[in-house]
Amino acid sequence: MRADITNLLTSHKLRKTPIRKEVLQIFIEAGERALSNNDIEQMLNKPDRITLYRTLKTFEQKGLIHQALDGSGTTKYALCNNNCDVHEHHDEHAHFHCQSCGHTTCLEEVISPNFSVPDGYQIQVSHLILKGLCKDCSAV
């Protein structure tokens, strides 16, 4: 697993600092689940908040993570797929927010549709947010 983290940081031209390795490990373990800054803070051992904030912003700029908007008002991040980079994110998928447990998950297989907008409008970013019960909460 450590080799994967080192390879990811190297491929995105990032220095392999301890905080970057730890944060990336947390995202890898989270899988498709999106994490807030607070979630990550709680998993780390008393991180410097500014360093964590900068790490998340750098990861986002370099195409390692993307914002997973879920309508909760809290910024969450999830690991990008393999073809994101510093120039372009390719995360046009839906984010599912469970209204019971509060978890947000990337649904890679649910792609945002192509929207048709009136003349003169240009879409630069779109977010598809789905809300309901996740598979764990609906099974209860």
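1. In this predicted model, Ser-100 counts as exposed because its relative accessibility is 53%, and the cut-off for that class is over 50%. Ser-100 sits in the loop that joins β4 to β5, and, leaving aside residues up to four places away in sequence, Ser-100 is in contact with Gly-132, Leu-133 and Cys-137. Its C-alpha atom is 25 Å from that of Leu-44, a residue 56 positions away along the chain.

2. The second largest pocket, with a volume of about 240 Å³, has a lining that includes Cys-98, Cys-101, His-103, Cys-134, Lys-135 and Asp-136. At least two lining residues come from each of β4 (93-98), β5 (104-111) and α5 (135-138). Leu-133, which Ser-100 touches, is also one of the lining residues.

3. Helix α2 (residues 18-30) has 13 residues and, at 1.5 Å a residue, should span 18 Å, so the separation of 18 Å between its end C-alpha atoms agrees with expectation. The buried residues of α2 are Ile-19, Arg-20, Val-23, Leu-24, Gln-25, Ile-26 and Phe-27, and the helix is followed by Gly-31, which has a positive phi near 65°.

4. Arg-20, which lies in α2, deserves a separate comment. Although buried, Arg-20 has no salt bridge, and the nearest side chain of opposite charge, that of Glu-22, is 11 Å away. Not counting residues up to four places away in sequence, the contacts of Arg-20 are with Leu-9, Leu-14, Arg-15, Thr-55, Thr-58 and Phe-59.

How values were computed. Residues numbered from 1 in each chain as written. Predicted model: local features only at pLDDT ≥ 70, side-chain atom pairs only at ≥ 80, totals over all residues. Heavy atoms only, no water. Helix = DSSP H or I, 4+ residues; strand = E, 2+ residues; numbered from the N terminus. Expected span 1.5 Å × (residues − 1). Buried < 20%, exposed > 50% of the residue type's maximum accessible area, 1.4 Å probe, protein only. Lys, Arg positive; Asp, Glu negative; His and termini not counted. Salt bridge = Lys/Arg side-chain N within 4 Å of Asp/Glu carboxyl O. Contact = heavy atoms within 4.5 Å. 1 Å grid on protein atoms, 1.4 Å probe; cavity = no way out; pocket = protein on both sides within 12 Å on 5 of 7 lines; lining within 4 Å. Points joined across faces, edges and corners; volume = space filled by probe spheres on them.
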